[in-house]
Amino acid sequence: MEFDWMVKLKWLRATEWAEVQYGTSRAGAVQVSLYRTADVDALPGAHPEIDWAELRHVEKGRRSPLATLRPKAKTV
């Protein structure tokens, strides 16, 4: 779930999409977003304000610390 918050915060952006098929019918195919591992690895350096150790240990059912953050608006 933390990964979903990182996408919502626009810290990560999909670089490719792949079609994944479920079951035997084509109707079960869905598009899956793919991300670069280098972008994920760069997150701690890009966001030192985050307690990454705490984030890694959020228990199931607990609200993510990232939920309180908002995406930064782009400045022109």
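This note goes through the fold, the surroundings of one leucine, the aromatic pairs and the charged contacts of a predicted model.

1. Overall layout. The protein chain carries four helices and two strands, and read from the N terminus the order of these elements is α-β-β-α-α-α. Taken along the principal axes, the C-alpha atoms fill a box of roughly 45 × 40 × 20 Å. The radius of gyration of the protein chain is 16 Å, whereas a compact globule of 76 residues would come out near 11 Å.

2. Burial and surface. Of the 76 residues, 18% count as buried, and the accessible surface of the protein chain amounts to about 6400 Å², with 54% of that surface belonging to carbon and sulfur atoms. As for contacts between residues at least 6 apart in sequence, 42% of them join residues at least 24 apart.

3. Leucine 12. This residue sits in the loop that runs between helix 1 (2–8) and strand 1 (16–21), and leucine 12 is classed as buried because its relative accessible area is 5%, where the class requires a value under 20%. Leaving aside residues up to four places away in sequence, leucine 12 touches Phe3, Met6, Val7, Tyr35, Asp39, Val40 and Leu43. One of these neighbours, aspartate 39, is 27 residues away in sequence, yet the C-alpha to C-alpha distance between leucine 12 and aspartate 39 is 6.9 Å.

4. The structure holds two aromatic pairs. In the pair of phenylalanine 3 and tyrosine 35, the ring centres are 4.9 Å apart and the planes stand at 80°, so the arrangement is edge-to-face. Because phenylalanine 3 belongs to helix 1 while tyrosine 35 lies in the loop between strand 2 (29–34) and helix 2 (37–41), this pair ties together parts that are 32 residues apart in sequence. Phenylalanine 3 counts as partly exposed, at 32% relative accessibility, and tyrosine 35 is likewise partly exposed, with a relative accessible area of 27%.

5. The tryptophan pair. Tryptophan 11 and tryptophan 52 form an aromatic pair that is tilted, with 6.4 Å from centre to centre and 50° between the planes. Since tryptophan 11 lies in the loop between helix 1 and strand 1, and tryptophan 52 in helix 4 (residues 52–56), the pair ties together parts that are 41 residues apart in sequence. Tryptophan 11 and tryptophan 52 are both buried. The centre distance of 6.4 Å may be read against the pairing cut-off, which asks for centres within 6.5 Å.

6. A charge over a ring. Lysine 8 lies over the face of tryptophan 5, at a distance of 4.6 Å from the ring centre.

7. The salt bridge. How many salt bridges does a search of the whole structure find? The search finds one, and aspartate 39 forms a salt bridge with arginine 36, with 3.2 Å between the closest N and O atoms. Aspartate 39 is partly exposed, its relative accessible area being 27%, and arginine 36 also counts as partly exposed, at 44% relative accessibility.

Methods: Residues are numbered from 1 along each chain as its sequence is written. This is a predicted model: local features need pLDDT of at least 70, side-chain atom pairs count only at pLDDT 80 or more; totals for chains, interfaces and linings use all residues. Side-chain values use heavy atoms; hydrogens and water are left out. Buried means under 20% relative accessible area, exposed over 50%, partly exposed in between (1.4 Å probe, protein chains only). Contact means heavy atoms within 4.5 Å. Rings of Phe, Tyr and Trp (its six-membered ring) pair if their centres lie within 6.5 Å; planes under 30 degrees apart count as stacked, over 60 as edge-to-face and the rest as tilted. A charge sits over a ring if NZ of Lys or CZ of Arg is within 6 Å of the ring centre and within 35 degrees of the ring normal. A salt bridge is a side-chain nitrogen of Lys or Arg within 4 Å of a carboxyl oxygen of Asp or Glu. The radius of gyration is taken over C-alpha atoms; the globule rule is 2.2 Å times the number of residues to the power 0.38. Accessible areas come from the Shrake-Rupley method with a 1.4 Å probe; for residues, only the protein chains shown count as cover.
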